[in-house]
Amino acid sequence: MSTQAAPTSAEQAGQMTHREVLEALSGLLLAMFVAMLSSTIVSNALPTIVSDLHGSQTGYTWVVVATMLTMTATTPIWGKLADLFSKKVLVQSALVIFSIGSIIAGLAPSMSVLIGARAVQGLGVGGLTALVQVVIASMVSPRERGRYSGYIGAVFALATVSGPLVGGLLVDTVGWEWCFFAGLPVAALAFVVLQKTLHLPVVKREVHIDYLGAFLLVGGVSIFLVWVSLGGQQFGWTSGTSLLLVALATVVIALAVYVEAKVAIEPVVPLRLFKDRTTSLATVASVLIGVAMFGSTVYLSLYFQRARGMSPTEAGLMSVCMVGGLLVSSIVSGRVITTTGLWKRWLVGGMALVIVGIGLLSTIDATTPLWRVGAFMAVLGLGLGATMQNLVLAVQNNTAQADMGAASSVVAFFRSLGGSIGISALGAVLAHQVAASVEDGVRALARTHPELVKGFGGHGNGEIPDVSTLPAPLKSIFEGAFGDATGHIFLVALPFAVAAFVCVLFIKEVPLRTTIDREDELAPEATAELSSR
């Protein structure tokens, strides 16, 4: 008879007490806060950063896209690693990588170095984005997860609200460099807290790392995103360069699919996951939501600063409207779902509000009353709060614990992929429309006041000028151009939100299980435990 001491509750995944879960969750929420802060704290500072480093509208887009690209391409790899190795070590590794990227970004002397540093940050953010959801799914059953969604929503709200405010304050006082340094103490604290509180068992099994599949997946996605980002700006959509990139991306992604399906023993993205209807529909919906949400909302800060003449701090205050709605709906929906076990009605209702919110925001311009813009943002926030977490919950509820990392990261991967596509494509639409509107406005102004536009060429190379320094007539042209273009990109995003709503309608509601493992996993697990004694 074995004399080995029985493991404590903190060592048994799925049997942790509420207090133990909260202790471990504190470190995870700090890590999540760091990941979210990395984009929100920079959002309102980007116009100043781009101006100081003599960047262009394309550079503005790439500072955002660089992080999204590496985060997107590596998310499924982090998720798969979580199924094979220590989840705590992986989260801590992601924090270290993020910190290195933050230091380089803060010291960046040029746009090229900054974009490269943001790519390194994205590697860490990809890990944190994927792993936090995976670890929570390893500690808490789907039915009980709603009681903790309020904490996640609160952290999301805190990062989203405080990020732009702190970022704007730092830009206005000590300099934009501190927008990157500010997250370092939080990352260090998250590392220490996780070391002390997170205790999950590491599943011992033979490990086969799919290096070829990971390489092909990252390569194919990266080539595709480069094409989306630069198409229409650096080269024409129908040019030879464009066709070459599309062909190359298609071939590499096709090879990745073949390797995942036929060659890899432990594929990065197990294609069997897509046999489940919920996972397949949630994946498609995630892409579409990413395009609609990230692609349109990321440019709201630019709208407030360029079209409405706000400072970075003032622009940050406007984000409270969207985040307030998101926080309320995430807390309410999470609590009710835990009580009832029913989630689809919240998913459908949330997507309906997302459509309404994006539709309303498509009507804004440089003269829309701010209270109305804030109300439209609040509607969109209410929809997103009831949609994003519950889409992941629906997939996790149908997934075996052995595949939890891969399945959770697949949803995050495709949402980030959609976001990268949306930011790049809608950024190109915004840049093109602003340039065209400014050119028309300057040409018209030149006919009546040629002295005001003499030597003015800031619109010709895509460079973003400091609107506040321009003469009143030129300032009015730029504000009108940015206002009209912002409403237009929400209109472009609207059909993607409608398509996501259709996908959600066809997801079948399965009652949330009350155990960490699925029923088909419990019996084999018990058998394995008995045979090991």
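This is a predicted model: local features need pLDDT of at least 70, side-chain atom pairs count only at pLDDT 80 or more; totals for chains, interfaces and linings use all residues.
How many residues apart are Phe224 and Trp227 in helix α9, and what is that in helical turns? I looked: the two are three residues apart in helix α9 (residues 211-230), so about one helical turn separates them.

**Confidence**

The protein chain has an average pLDDT of 78, and 83% of the residues reach at least 70. Among the elements of the chain, helix α14 (residues 344-361) has the highest mean pLDDT, 92. The lowest mean, 47, belongs to helix α19 (residues 519-531). I also marked residues 1-14, where the pLDDT is below 50. That stretch has 16 contacts in the model beyond near neighbours in sequence. Residues 458-462 got a mark as well, with pLDDT below 50 and eight contacts beyond near neighbours in sequence.

**Aromatic pairs**

Next I went through the rings. I logged five aromatic pairs. One of them is Trp178 with Phe181: the ring centres are 5.3 Å apart and the planes sit at 85 degrees, so I wrote it down as edge-to-face. The cut-off for that label is an angle over 60 degrees. Both residues belong to helix α7 (residues 178-181), three residues apart, about one turn of the helix. Trp178 is partly exposed, at 44% relative accessibility. Phe181 is buried, with a relative accessible area of 18%.

Back to the pair I opened with. Phe224 and Trp227 have ring centres 5.8 Å apart and planes at 45 degrees, so this pair is tilted. Phe224 has a relative accessible area of 26%, which makes it partly exposed. Trp227 comes out at 19% and counts as buried, because the limit is under 20%.

**Arg118**

Last stop was a charged residue. Is Arg118 buried or exposed, and which side chain of opposite charge is nearest? I found Arg118 in helix α5 (residues 111-139). Arg118 is buried and has no salt bridge. The nearest side chain of opposite charge is Glu177, 14 Å away.

What does Arg118 touch, then, leaving out residues up to four places away in sequence? I listed Ser38, Ser39, Val42, Val63, Ala66, Thr67, Thr70 and Phe180.

Note on methods. Residues are numbered from 1 along each chain as its sequence is written. Side-chain values use heavy atoms; hydrogens and water are left out. Helices (H or I, at least four residues) and strands (E, at least two) are DSSP runs, numbered from the N terminus. Buried means under 20% relative accessible area, exposed over 50%, partly exposed in between (1.4 Å probe, protein chains only). Lys and Arg count as positive and Asp and Glu as negative; His and the chain ends are not counted. A salt bridge is a side-chain nitrogen of Lys or Arg within 4 Å of a carboxyl oxygen of Asp or Glu. Contact means heavy atoms within 4.5 Å. Rings of Phe, Tyr and Trp (its six-membered ring) pair if their centres lie within 6.5 Å; planes under 30 degrees apart count as stacked, over 60 as edge-to-face and the rest as tilted. pLDDT is the predictor's confidence in each residue, from 0 to 100.
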